[in-house]
Amino acid sequence: MTAPDTRSPDRARVAPVDGPDAAGRWLRGGAPWPVLAAASLVYALSVWQEASAGRLGVDNAVVVRAARTLLDGGSPYADKRFLYPPGAVFAAVPETLLTDRGVSLVAPAATALLVLVAVVTALRIFGVRADSRLAALTVAGLGAFLPLRSVVHLANWTVFSALAFPAALLLARRGRWGGAGVVVGVAIALKPILVPLLLLFVLARRWRALARAVGVPLVVSLAAAWAMPRPGLFFTRTLPFLLHGQDAYARPYDAAWPSVLPRLGIPPSLASLLAVAAAVAVLGFARLRWRRGGDEGLRLVECAALLMLAAFLVSRPSFLHYALVVVPALVASVVVRGAAARSVWFWLPLLPQVAGVNWPELQSAERHAFKDFVMFTGATAALCAAVWRARPQPARGVTVSGDAYSLCSDPDPRNHSGTR
């Protein structure tokens, strides 16, 4: 006969290795309505300030102009400023029903609203309510965040990727990888910012979801190209324009390493080599973060953010408002113990993006890319450092008849003599 297990139930339990601690619980708590109202007011005033500026919604206007050209029988890609996939043309057709003045007013307001939806979606990845203290702090902080002001002022379609990023991760967190693939595919069909996120499906070995993420934009683009005149201009005119980093008008705003480092005196060929090496290293950290495990929501967010940031470092162009793709989800992750966003080194690179703070020699629009370079590089370095310092998380345990068994242990129990 074997001796009875005399261990206490407390010792048999397996302590959680991640999840909310006291700080996380406080952030999850509901915020008083005056605080929520104040945060909403800060956000609304920030949006209103941008809405009062000139040349409102210029990026969205390019897409609407392409849609009108299509309706008039022309090719959208005759305009070198139209740099979107074919599906975006048809998505912009409803806006052609508005006047130019109406488009310039409605598009920025809709952009600001979609950013709020993206914030709420990012919070839901970690089960945080929309009326929580963290939600109030995030909304108020975005009001002073220059990438928000940029995307609202331009009404840039990056906002769809900013919404699709947390939406896809939320679906994946809930085990609905197929739905996540569709969301990513739709976002890529409108603007291919989330292409690096396809690697997340590879790391998770979700091949069907990956097929959906690839198939949706492929089908949409082919169908849209078939329905428009001269779609080949995309390959002969638009794609070369993009691969060369656009032109002198947009290049000063590009924060990618191949664009910024030559402005600091580094030869262009060496700058490109450094950018590729940095991106490859970050991809390695993303793979390591996936293998480290831990809280599933945190793993998804940090791994996906590393994949996106690797692309922002090397791809041209990388504009200021691209930060809205990853920042809301990373901020939401602070409720989890061990999140990289809890490090002060994650927040320091974001400080130059606080509106109203003057930085000597960097206030001009042409030099703003240096601050954006610091933001992307610093945030990436902070995430990589957190992955490097973290230890692999042990498998979660369950208690069965007073004994803890690892979910990944041998299903056949062994006795003390070593036989089965």
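**Figure 1. Burial across the predicted model.** A residue is called buried when its relative accessible area is under 20%. In this predicted model, Trp 257 has 16% relative accessibility and therefore counts as buried. Across the protein, buried residues account for 49% of the 420 residues. The fold comprises 19 helices and 2 strands. Of the contacts between residues at least 6 apart in sequence, 75% link residues at least 24 apart. The protein exposes about 20700 Å², with 66% of this supplied by carbon and sulfur atoms.

**Figure 2. A close look at Trp 157 and Phe 160.** Welcome to one of the ring pairs: the whole structure holds 13 aromatic pairs. Here the ring centres of Trp 157 and Phe 160 are 5.2 Å apart and the planes meet at 75°, so the pair is edge-to-face. Trp 157 is buried, at 4% relative accessibility, whereas Phe 160 is partly exposed, at 28%. Both residues belong to one aromatic cluster, whose members also include Tyr 77, Phe 82, Tyr 84, Phe 234 and Phe 235.

**Figure 3. Trp 257 meets Phe 373.** With centres 6.0 Å apart and planes at 45°, the rings of Trp 257 and Phe 373 make a tilted pair. This pair brings together distant parts of the chain, 116 residues apart: Trp 257 lies in helix α14 (residues 257-260) and Phe 373 in helix α19 (residues 368-389). Phe 373 is buried, because its relative accessibility is 14%.

**Figure 4. Arg 299 over the ring of Trp 290.** Our last stop shows a charge over a ring. The charged end of Arg 299 sits 3.7 Å from the centre of the Trp 290 ring.

Key: Residues numbered from 1 in each chain as written. Predicted model: local features only at pLDDT ≥ 70, side-chain atom pairs only at ≥ 80, totals over all residues. Heavy atoms only, no water. Helix = DSSP H or I, 4+ residues; strand = E, 2+ residues; numbered from the N terminus. Buried < 20%, exposed > 50% of the residue type's maximum accessible area, 1.4 Å probe, protein only. Contact = heavy atoms within 4.5 Å. Areas by Shrake-Rupley, 256 points an atom, 1.4 Å probe, with all protein chains shown as cover. Phe/Tyr/Trp six-rings, centres within 6.5 Å; stacked < 30°, edge-to-face > 60°. Lys NZ or Arg CZ within 6 Å of the ring centre and 35° of its normal.
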